[in-house]
Amino acid sequence: MGAASPPPAWLTLDAGPAPEPAGVPVPGPATRTRAALHETLAEALSLPDWYGRTWDALADVLADRIDSGPLTLVVRDAANLLADEPPAQLGTLLDVLGAAAAGGHATLRVVLREHPEHLPALRARVAAALGAPPVPTHPAPPHPSRPLFHGKSG
């Protein structure tokens, strides 16, 4: 049995009863689609009118924003994040955020907050979007065409 890979250092999944971390609040229910996510981020971050509401444009404005100082995005009810989009879209968003975190002069931190009962499903969704292998719940049975022992006999 394997353990789930931890999220990257810039990403936190949180369900704790502790007060919400300081940062720019992003309401998860308002981010269920790409268009809604872009509109929500444009409003929350006071992005310029020229923001093109594409993944490339988001990468550009995040790089500019992070160059001016640290940024923490706090997504509340994060299970809603791109929930009405194909799963690959969450992966694209996480790639954009990860590139911004790696390339900025200041830090980017993203906190995905969710109710404790929904956190395991969110963790699995994020792990899948990041390309982590699924965590097996039971050891895989041997393949019928492969012997269990590959050593020399006799």
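The model is predicted, so local features need pLDDT of at least 70 and side-chain atom pairs count only at pLDDT 80 or more, while totals for chains, interfaces and linings use all residues. Residues are numbered from 1 along each chain as its sequence is written, and side-chain values use heavy atoms, with hydrogens and water left out.

The protein has 4 helices and 4 strands. Helices (H or I, at least four residues) and strands (E, at least two) are DSSP runs, numbered from the N terminus. From that terminus on, the elements run β-β-α-α-β-α-β-α. Buried residues make up 34% of the 154 residues. Here, buried means under 20% relative accessible area, exposed means over 50%, and partly exposed lies in between (1.4 Å probe, protein chains only). Contacts are defined by heavy atoms within 4.5 Å. Among contacts between residues at least 6 apart in sequence, 76% join residues at least 24 apart.

The structure holds 4 salt bridges. A salt bridge is a side-chain nitrogen of Lys or Arg within 4 Å of a carboxyl oxygen of Asp or Glu. Side chains of opposite charge can pair when their charged atoms come close. One of the bridges joins the side chains of Arg-113 and Asp-14, at 2.2 Å from N to O. This pair links distant parts of the chain. Arg-113 lies in strand S4 (residues 108-113) and Asp-14 in strand S1 (residues 11-14), 99 residues apart. Arg-113 has 15% relative accessibility and therefore counts as buried. Asp-14 also counts as buried, because its relative accessibility is 19%.

A salt bridge also forms between Asp-84 and Arg-32, with the closest N and O atoms 2.8 Å apart. The two residues sit in distant parts of the chain, 52 residues apart. Asp-84 is in the loop between strand S3 (71-76) and helix H3 (87-103). Arg-32 is in the loop between strand S2 (24-27) and helix H1 (34-44). Asp-84 is partly exposed, at 48% relative accessibility. Arg-32 is partly exposed as well, at 30%.

Glu-85 and Arg-34 meet in a further salt bridge, at 3.4 Å from N to O. Again the pair links distant parts of the chain, 51 residues apart. Glu-85 belongs to the loop between S3 and H3, and Arg-34 to helix H1. Glu-85 counts as buried, at 17% relative accessibility. Arg-34, in contrast, is partly exposed, with a relative accessible area of 37%.

Two packed helices are described by the angle between their axes and the distance between the axes. Axes are lines fitted to C-alpha atoms, for helices over the stretch in contact, and angles run from 0 to 180 degrees between N-to-C directions. The axes of helix H2 (residues 55-67) and H3 come within 9 Å and cross at roughly 30 degrees. H2 and H3 are therefore roughly parallel to each other. Angles under 35 degrees count as roughly parallel, over 145 as roughly antiparallel, 65 to 115 as roughly perpendicular and the rest as oblique. H2 contributes Trp-55, Leu-58, Ala-59, Leu-62 and Ile-66 to the contact. H3 contributes Gln-89, Thr-92, Leu-93, Val-96, Leu-97 and Ala-100. By class, the contact has 9 nonpolar, 2 polar and no charged residues. Ala, Val, Leu, Ile, Met, Phe, Trp, Tyr, Cys and Pro count as nonpolar, Asp, Glu, Lys and Arg as charged, and the others, Gly among them, as polar.

Thr-72 is found in strand S3. Thr-72 is buried, with a relative accessible area of 18%. Leaving aside neighbours within four places in sequence, Thr-72 is in contact with Ala-22, Gly-23, Val-24, Arg-109 and Val-111.

Ala-15 lies in the loop between S1 and S2. Ala-15 and Pro-116 are 101 residues apart in sequence, yet 5.1 Å apart in space, C-alpha to C-alpha. Beyond neighbours within four places in sequence, Ala-15 is in contact with Glu-114, His-115, Pro-116 and Leu-119.

Arg-53 is found in the loop between H1 and H2. Phi of Arg-53 is near 60 degrees, a positive value in a residue other than glycine. Asp-77 is found in the loop between S3 and H3. Phi of Asp-77 is near 50 degrees, again a positive value in a residue other than glycine. Arg-53 is partly exposed at 32% relative accessibility, and Asp-77 is partly exposed at 30%.
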